[in-house]
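Hi everyone, thanks for making time for this. I'd like to walk you through one structure, so let's bring it up on the screen.

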Amino acid sequence: MRPTLPEVLRQRDFTLYWAGVVLSQIGTRGAVAANLYQVYELTGSTAQVGLVGLAQAVALLALSPLGGVYADRLDRRRLLQATQAVALVVSLALAGLTLTGVATVWAVALSSLLATAAATFDQPARQALIPALVPRERLVDAFALLNPSRELAVLAGPALAGVLIAAGGPGAVYVFDAVTYAVLVAVLAMLRVPALPGAQGKPAGLLASLREGASYVARRPVVWQLMGLDLAATVSGAYRVLLPAFAADVLHVGATGYGLLSAAPSAGALLGSVWVFRLVRTARSGRLVLWGTAVYGLAVTGLALSGTFVLALAAALTLGAADALATTVRHAAVQVETPDALRGRVSAIYQMASRGGPALGDAGMGALAGAIGPVTALALGGIVPAAAAGLAAVRGRHIRAFDVPKEAPSAAS
């Protein structure tokens, strides 16, 4: 029997968009890994590596609500092209500083802040553009495809960054990142995108728009409870910021080993997504996210206590697979239950948890590791997600009962 493409990949515009986004994410994830490695190489301090996460957190928490508002009132394709162009310039500037040998910790942190600031407008628009590219009945399939594709990018980006750093230093990673941004700008120019309801009519005032998005989330307990669980897990289980120290000083595996260790969680998530996609259609989704969060926390602790590169890779693979469970459910809950006119603002609020949490966690975990050591800090941090999942299993009625709908709601919902 000849293999057939999923129906959603037969949509010309979605397929182009999907390919461009994956390539751009590969560059972005590689650049983040290079940022962390470069700061540790410059300073040898896990606390200063945490400055990268702090810069990301500042941009995410301050600007995400605005990004959601403008994703609902501007041409989403043009907004994406503008944010990609800004990020391209930032990457080229940092590449120039790095390749000429004058880059400093503050230059890396500033570039991270500016790139993340662009992404706060980029990410809600990316999510909100999907309903214009696929039929409503294919929305769940589109997001189910995007999740493992994101993990493919997070897998390939750090691994490629490790190779490029070993060959040409962090500057080579930033040049590649700039190229991927340019490709996505070109892809966006080729799309045929009809207007969505959220982009039509006279927009409300800025504060009124923000309140409308927040009010919608507040009326959906399962959405804000899942966001809260995500935030609790990612702040305390922020393993990423400690990987340079683990690779260099604990496991002694160098830049290439760092790239592999950084990519391993996404390899686990990518493999896990093969069966997660089916599992969310047969098992109660809320229970899957609880199990996924608990196993994630235990695997983070296992990574901290592994002691050898092989065991560290196994733990990283496991935490990635567990996180895929929770991520698939959360994305489905937020995107499928949100009407088109609010999708940008709700996506932005979700972004504050899904991306702001890890960024805050990087800063906090880096500081904690500087005080008590990376192994102890990460081992303690991993206990929190498991405990949070246990508490939610007992008290979180909405999460336990939640199941991903088979179709998206109407715009009037």
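I'll start with confidence, then turn to a helix contact and an aromatic pair.

Please keep in mind that this is a predicted model. The chain has a mean pLDDT of 78, and 75% of its residues reach 70 or more. Among the elements, helix α6, residues 170–189, has the highest mean pLDDT, at 91, while helix α16, residues 397–401, has the lowest, at 68. Two stretches deserve a careful eye. Over residues 197–202 the pLDDT stays under 50, and the model has nine contacts for them beyond four places in sequence. Residues 406–413 also stay under 50, with 16 such contacts in the model.

Now to the helices. Find helix α1, residues 12–43, and helix α9, residues 243–250: their axes come within 9 Å. How do they cross? The angle is roughly 50°, so α1 and α9 count as oblique to each other, and their crossing is right-handed.

Which residues meet there? From α1 we have Leu36, Tyr37 and Tyr40; from α9, Pro244, Ala245, Ala248 and Asp249. That contact divides into six nonpolar residues, one charged and no polar.

Hold on to Tyr37, please. A search of the whole structure turns up one aromatic pair, and Tyr37 forms it with Tyr258. Their ring centres are 5.5 Å apart, with 35° between the planes, making the pair tilted. This pair links distant parts of the chain: Tyr37 sits in helix α1 and Tyr258 in helix α10, residues 254–282, with the two tyrosines 221 residues apart.

Methods
Residues are numbered from 1 along each chain as its sequence is written. This is a predicted model: local features need pLDDT of at least 70, side-chain atom pairs count only at pLDDT 80 or more; totals for chains, interfaces and linings use all residues. Side-chain values use heavy atoms; hydrogens and water are left out. pLDDT is the predictor's confidence in each residue, from 0 to 100. Helices (H or I, at least four residues) and strands (E, at least two) are DSSP runs, numbered from the N terminus. Contact means heavy atoms within 4.5 Å. Axes are lines fitted to C-alpha atoms, for helices over the stretch in contact, and angles run from 0 to 180 degrees between N-to-C directions. Angles under 35 degrees count as roughly parallel, over 145 as roughly antiparallel, 65 to 115 as roughly perpendicular and the rest as oblique. A crossing is left-handed if the near helix is turned anticlockwise from the far one by less than a right angle, and right-handed if clockwise. Ala, Val, Leu, Ile, Met, Phe, Trp, Tyr, Cys and Pro count as nonpolar, Asp, Glu, Lys and Arg as charged, and the others, Gly among them, as polar. Rings of Phe, Tyr and Trp (its six-membered ring) pair if their centres lie within 6.5 Å; planes under 30 degrees apart count as stacked, over 60 as edge-to-face and the rest as tilted.
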